[in-house]
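Have the sequence and the 3D view open as you read.

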Amino acid sequence: MQRRSNQGVRKAGGETRQDIWEKRRIAKIQKEKQKRMQSYRRYGSGKRKHSTMGVRSCLLAAGALAILGSTIAISFAMHGKAAAVIGGFGILAVVCAIRGLIAAIKGTRERDRNYITCKIGFGANVLLLAGLFIIFVGGF
């Protein structure tokens with residue numbers, strides 16, 4: 001007794017099982033392709049992550065601002081008699097601002113990212129550098 005395969009058997013709609021499987025396979029491939037296109041975010045409108053270097057730039061700007069604030073507080077508390085400590089913290093703030101500026105520039109090179117943190121970090125670090133330059137040159 002020979003067993004018959006059901007592959008050629010037609011359903012009520014006039015399609016064979018092979019036709020149904022082929023349609024499902026094609027639909028699955030199209031769904032995966034659409035998902036891939038959205039994950040690339042090049043064609044799709046998927047949500048973009050923030051640039052990691054941009055976030056680092058913002059954190060370095062916040063750190064430089066905190067250092068600058070602490071130098072002002074220490075100088076005020078010591079009545080201007082802590083020149084070496086203030087100078088060291090000032091140079092540390094300049095280094096943080098320069099590193100933040102470099103991180104913001106590198107962050108704009110990351111692909112498929114949200115660059116708003118790079119722009120904010122760049123602006124904040126430029127303003128901090130300008131303020132520190134004025135403080136150092138002006139002698140305030």
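In which helix does Val 95 lie? Val 95 lies in helix H3, where a helix is a DSSP run of H or I of at least four residues, a strand is a run of E of at least two, and both are numbered from the N terminus.

Before going on, a word on what you are looking at. This is a predicted model, in which local features need pLDDT of at least 70 and side-chain atom pairs count only at pLDDT 80 or more, while totals for chains, interfaces and linings use all residues. Residues are numbered from 1 along each chain as its sequence is written, and side-chain values use heavy atoms, with hydrogens and water left out.

Now for the overall plan. The chain has 4 helices and 0 strands, and along the sequence the pattern reads α-α-α-α. Of its 140 residues, 20% are buried; here buried means under 20% relative accessible area, exposed means over 50%, and partly exposed lies in between, using a 1.4 Å probe and protein chains only. Contact means heavy atoms within 4.5 Å. Among contacts in the chain with a separation of 6 or more, 67% are between residues 24 or more positions apart.

Let's begin with H2 and H3. Helix H2 covers residues 52–77 and helix H3 covers residues 83–107; they pack at an angle of about 165 degrees, with axes 8 Å apart. Axes are lines fitted to C-alpha atoms, for helices over the stretch in contact, and angles run from 0 to 180 degrees between N-to-C directions. That angle makes H2 roughly antiparallel to H3. As a guide to the wording, angles under 35 degrees count as roughly parallel, over 145 as roughly antiparallel, 65 to 115 as roughly perpendicular and the rest as oblique. The crossing of H2 and H3 is left-handed, meaning that the near helix is turned anticlockwise from the far one by less than a right angle (clockwise would be right-handed). The residues of this contact divide into 13 nonpolar, 7 polar and 2 charged. In this scheme Ala, Val, Leu, Ile, Met, Phe, Trp, Tyr, Cys and Pro count as nonpolar, Asp, Glu, Lys and Arg as charged, and the others, Gly among them, as polar.

Thr 71 is found in helix H2 and, at 6% relative accessibility, counts as buried. A polar atom of the Thr 71 side chain lies 2.5 Å from the backbone oxygen of Leu 68. Leaving aside neighbours within four places in sequence, Thr 71 is in contact with Ile 86, Phe 89 and Gly 90.

Is Ala 93 buried or exposed? Ala 93 counts as buried, because its relative accessibility is 1%. Val 95, at 44%, counts as partly exposed. The C-alpha atoms of Ala 93 and Leu 60 are separated by 9.1 Å, although the two residues are 33 apart along the chain. For Val 95 and Leu 60, 35 residues apart along the chain, the C-alpha separation is 9.5 Å. Beyond neighbours within four places in sequence, Ala 93 is in contact with Ala 64, Ile 67 and Leu 132.

Next comes H3 with H4. Their axes come within 8 Å and cross at roughly 150 degrees, which makes H3 roughly antiparallel to H4. This crossing is left-handed. On the H3 side the contact includes Gly 90, Ala 93 and Ala 97, and on the H4 side Cys 118, Asn 125 and Leu 132 are among the residues involved. By class, the contact of H3 with H4 has 16 nonpolar, 5 polar and no charged residues.

Between H3 and helix H4 (116–138) there is a loop that holds Asp 112. The phi angle of Asp 112 is near 55 degrees, a positive value in a residue other than glycine. At 30% relative accessibility, Asp 112 counts as partly exposed.

The H2 and H4 pair comes next. The axes of H2 and H4 come within 8 Å and cross at roughly 30 degrees, and the two helices are therefore roughly parallel to each other. Their crossing is left-handed. Residues of H2 including Gly 54, Leu 60 and Ala 64 meet residues of H4 including Thr 117, Gly 121 and Leu 132. This contact has 14 nonpolar, 5 polar and no charged residues.

Finally, find Ser 51 in the loop between helix H1 (17–40) and H2. Ser 51 counts as buried, at 0% relative accessibility. Not counting residues up to four places away in sequence, Ser 51 touches Gly 107, Glu 110, Arg 113, Asn 114, Thr 117 and Cys 118.

Terms used:
A polar contact is a pair of N or O atoms within 3.5 Å; within protein, one must be able to donate a hydrogen and the other to accept it, and residues adjacent in sequence count only if both atoms are side-chain atoms.
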